[in-house]
Amino acid sequence: MRSELLAESRVSSSFGVNSTNSWSVQVLHRDELSGSTNLKTESITENDKFAELLSQRLTRDSARVKAIEEMLEVAKAGANTADWEPVKKEESLSQEEISSPIVSGLSQGSGEYFTRIGVGSPPSDAYFVMDTGSDLSWTQCQPCASCYKQSDPLFNPAGSSTYKSISCSDSLCSQLLIRGCRANQCLYQVSYGDGSFTVGDFAVETLTFSGSQVERVALGCGHNNEGLFIGASGLLGLGAGQLSVPTQLRLPFSYCLADRFGTGSSPLIFGGGAIPRGSVFSPLLRNPRLGTFYYVGLEGISVGGTRLSISPAEFSLQSTGNGGVILDSGTSITRLVASAYATLRDSFNARATNLPTAGSFSLFDTCYALGGMQSVDVPTVDLHLTGGVTLQLPAANYLIPVDKLGTYCFGFAGTNSDFSIIGNMQQQGYRISFDRAAGRVGFAGNQC
């Protein structure tokens, strides 16, 4: 495959929503938000800034993957929401008393893409992290005991005519994994793998998606929050669990992730218009131990048109909750079980003998020095999913620039865990639709 690697990558396509039973909001990368970075100094060069920004992203990414590992370990040990004692009516707990000794095992990590949603009536617009690896949605709220800096004013529930607290006896409260009760107000807590957390009141509220209002959506109103959600007011949970927005709305949804190094956005769509014509479908799989994550069947990988000798068993999801392949919007870099990654990397290297090597960078162990080259020939990489679906990855989805000098790294990594993750860098350029009612996930190119 010949690729203009040093030119800026763009997705230039249109996507129309014709159904009256659907609505959408725009999705953009977190780096588009003002104040979304934390560079050590403003005096460093543009090249160093670029490398530092990528290092921050990979650090967040590693924390998220570690959190997913811990979540799965806890789930496989038998912990789930059914194991939690129902809260006693009128039980009085402080925010500190909501904490759980296994909170780190319930960590989920933080996402990389954002969307803008209105909360309340009248709506207060704010940015939310878009995360298919989380169920509970939440926003920072007044009065705030401790809040990180966000781009928009804090949401004030007292100013909304549609805000309603959830009582401790409500069935919605019992679905929280970590919960408490004060004066019959249901309280929630969520902690993340990077040390971020949110604690506050559990409520129902109206959400506005690009002018379309959805009533009585359960979400957290966080009064004590800390973490790396810089710029965003909170998180939009798009997971497969009971409290996620798609589950509450009972609607399919889809997204197409914008170019991480470019500008612009694309719609996150719910409802009848979420699944575009021309989509190809693969079955959605479900971990019997943990319902949050979306699993797909990865049957094999090809490099340069040749199928690699990787056993499908490397990627299979077991009834014990072991193994499997998670499709995740919040993890940047695709992680493959160690033996499969080694086979992929070695095969790519064997076919990329024309590319001068450049050592390693962070979690990338295979990099190339392409500075000064206008175009290069690179081996193709294809992912083969159950149902006859083949994702033909653009070169920009697996050769990642790590500086401004022309150093590119092979955008996969190995993991010692027994499961794999298809990250958002490899998902770019596809409109990915999640249709849980039909038990399938769809992929459509050029539909952003």
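## Strand pairing in a predicted chain

Ala-369 stands opposite Thr-407 in strand 25. The model is predicted.

Strand 20 and strand 25 (residues 407–410) are joined by 3 bridges. The two run antiparallel. Helix 4, residues 338–351, packs on the sheet. The helix touches strand 20, strand 24 and strand 25. Its direction makes about 135 degrees with that of strand 25.

The sheet is open and has 3 strands, in the order 20-25-24, with antiparallel pairing. Strand 20 (367–369) and strand 24 (399–401) are its edge strands, each pairing on one side only. From one strand to the next, the twist averages 30 degrees. As a general point, strands of a sheet pair through backbone hydrogen bonds, either parallel or antiparallel.

**The hairpin of strands 22 and 23.** Strand 22 (residues 381–385) and strand 23 run antiparallel, joined by 5 bridges. Val-381 has Leu-393 in strand 23 as its bridge partner. Between the strands of this hairpin lie 3 residues. Gly-387 takes a positive phi near 95 degrees in the hairpin.

| Strand pair | Bridges | Direction |
|---|---|---|
| Strand 20 and strand 25 | 3 bridges | antiparallel |
| Strand 22 and strand 23 | 5 bridges | antiparallel |

**A buried glutamine.** Gln-140 lies in strand 5, residues 138–140. Is Gln-140 buried or exposed? Gln-140 counts as buried because its relative accessibility is 0%, and buried means under 20%. Leaving aside residues up to four places away in sequence, Gln-140 touches Cys-147, Tyr-148, Gln-150, Leu-154, Phe-155, Gly-222, Asn-225 and Ser-233.

**The chain as a whole.** The chain holds 5 helices and 29 strands. Of its 448 residues, 58% are buried. Take the contacts between residues at least 6 apart in sequence: 73% of them join residues at least 24 apart. The chain exposes about 17600 Å². Carbon and sulfur atoms supply 48% of that area.

Terms used. Residues numbered from 1 in each chain as written. Predicted model: local features only at pLDDT ≥ 70, side-chain atom pairs only at ≥ 80, totals over all residues. Heavy atoms only, no water. Helix = DSSP H or I, 4+ residues; strand = E, 2+ residues; numbered from the N terminus. Buried < 20%, exposed > 50% of the residue type's maximum accessible area, 1.4 Å probe, protein only. Contact = heavy atoms within 4.5 Å. Areas by Shrake-Rupley, 256 points an atom, 1.4 Å probe, with all protein chains shown as cover. Pairing = 2+ DSSP bridges. Axes fitted to C-alpha atoms, helices over the stretch in contact; angles between N-to-C directions.
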